[in-house]
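Here is my note on the model, as numbered points. Please read it with the coordinates open.

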Amino acid sequence: NNGGDPPATQPWTTPPPLPTARYPPAGAVLSGLLYVAAGRPGDQTVVEVYAPSTDRWSSVPTVPLGRSSVAGAAFGGKFLVIGGERRGESTIEKEVDAYDPGTRRWSRLPDLPAGRQGIGAVVIGGRLYLPGGGPTGGGSQQTNTLLSLSCD
């Protein structure tokens with residue numbers, strides 16, 4: 001709200017819809033842009049970027065591994081797509097993909113120690129944290145682990 005009225009008094013607005021319908025994708029804000037990647041149906045690889053300044057969506061190169069129930073984070077100047085599960089909830093991923101807007105390329109970061117899906121991510125003080133998540137497909141199991149990665 002840019003320091004104006006508290007959020008409780010601000011009205012909701014409706015920017016243009018995502019060009020690609022999906023759930024549950026990875027999302028994060030990096031340099032004032034909203035990145036959205038992956039999700040269902042299927043194993044989406046599409047990555048779209050919303051620019052509030054122009055109220056428009058654009059596309060960037062696709063994420064290397066399509067999956068859903070992923071975490072997204074802005075970390076070390078990159079947009080990360082973390083973990084997730086594949087179609088049919090049969091394969092749980094450890095992969096961490098990082099998109100660099102400066103080069104418009106994807107790279108791999110170290111894999112998670114074990115696959116996780118249905119996770120969230122937060123960056124605090126130069127560290128990426130992944131609390132909990134599912135070690136198997138679907139929602140039948142959860143973990144109490146807390147993983148972290150440094151931005152060194």
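1. A salt bridge here is a side-chain nitrogen of Lys or Arg within 4 Å of a carboxyl oxygen of Asp or Glu. By that criterion the structure holds 8 salt bridges. The model is predicted: local features need pLDDT of at least 70, side-chain atom pairs count only at pLDDT 80 or more, and totals for chains, interfaces and linings use all residues. Residues are numbered from 1 along each chain as its sequence is written, and side-chain values use heavy atoms, with hydrogens and water left out.

2. Start with Glu48 and Arg22. Their side chains form a salt bridge at 2.6 Å, N to O. Glu48 sits in strand β3 and Arg22 in the segment before β1, so the pair ties together parts that are 26 residues apart in sequence. Strands are DSSP runs of E, at least two residues long, numbered from the N terminus. Glu48 is buried, at 2%. Arg22 is buried too, with a relative accessible area of 12%.

3. Next, Glu89 and Arg40. This salt bridge has an N to O distance of 3.3 Å. The pair links distant parts of the chain: Glu89 is in the loop between β6 and β7 (96–100), Arg40 in the loop between β2 (33–37) and β3, 49 residues apart. Glu89 counts as partly exposed, at 35% relative accessibility. Arg40 is buried, with a relative accessible area of 15%.

4. Then Arg108 and Glu95. The closest N and O atoms of this salt bridge are 3.4 Å apart. Arg108 belongs to strand β8 (residues 105–108) and Glu95 to the loop between β6 and β7; they are 13 residues apart, and the pair links distant parts of the chain. Arg108 is partly exposed, at a relative accessible area of 48%. Glu95 counts as buried, at 12% relative accessibility. There is also a network: salt bridges that share partners join Arg40, Glu85 and Glu89.

5. Now the sheet. What is its strand order? It is an open sheet of 4 strands, ordered β1-β2-β3-β4, with antiparallel pairing. Edge strands are β1 (26–30) and β4 (56–60), each pairing on one side only. The twist averages 25° from one strand to the next. Axes are lines fitted to C-alpha atoms, and angles run from 0 to 180 degrees between N-to-C directions. Two strands pair if DSSP finds at least two bridges between them.

6. Look at β3 and β4 in that sheet. Strand β3 covers residues 47–51 and pairs with β4 in the antiparallel sense over 5 bridges. Val47 has Val60 of β4 as its bridge partner. Tyr35 lies in strand β2 and counts as buried, at 4% relative accessibility.

7. The hairpin deserves a check. β5 and β6 (residues 78–82) pair in the antiparallel sense over 5 bridges. Phe75 stands opposite Lys78 in β6. The hairpin has 2 residues between its strands, and Gly76 in the turn has a positive phi of about 60°. Of the 5 residues of β5 (residues 71–75), 4 are buried, so this strand is largely enclosed by the rest of the structure.

8. Phe79 is in strand β6. Phe79 is buried, with a relative accessible area of 0%. Its C-alpha atom is 6.8 Å from that of Leu30, 49 residues apart along the chain.

9. Last, the largest pocket. Its volume is about 210 Å³. A pocket is an open set of points on a 1 Å grid over the protein atoms alone, where a 1.4 Å probe fits, with protein on both sides within 12 Å along at least five of seven lines; lining residues have an atom within 4 Å of a point. The volume is the space filled by probe spheres set on the points, which are joined across faces, edges and corners. Which residues line the largest pocket? They are Trp12, Thr13, Thr14, Pro15, Tyr50, Pro52 and Asp55. By class, the lining has 4 nonpolar, 2 polar and 1 charged residues. Ala, Val, Leu, Ile, Met, Phe, Trp, Tyr, Cys and Pro count as nonpolar, Asp, Glu, Lys and Arg as charged, and the others, Gly among them, as polar.

Definitions and conventions:
Buried means under 20% relative accessible area, exposed over 50%, partly exposed in between (1.4 Å probe, protein chains only).
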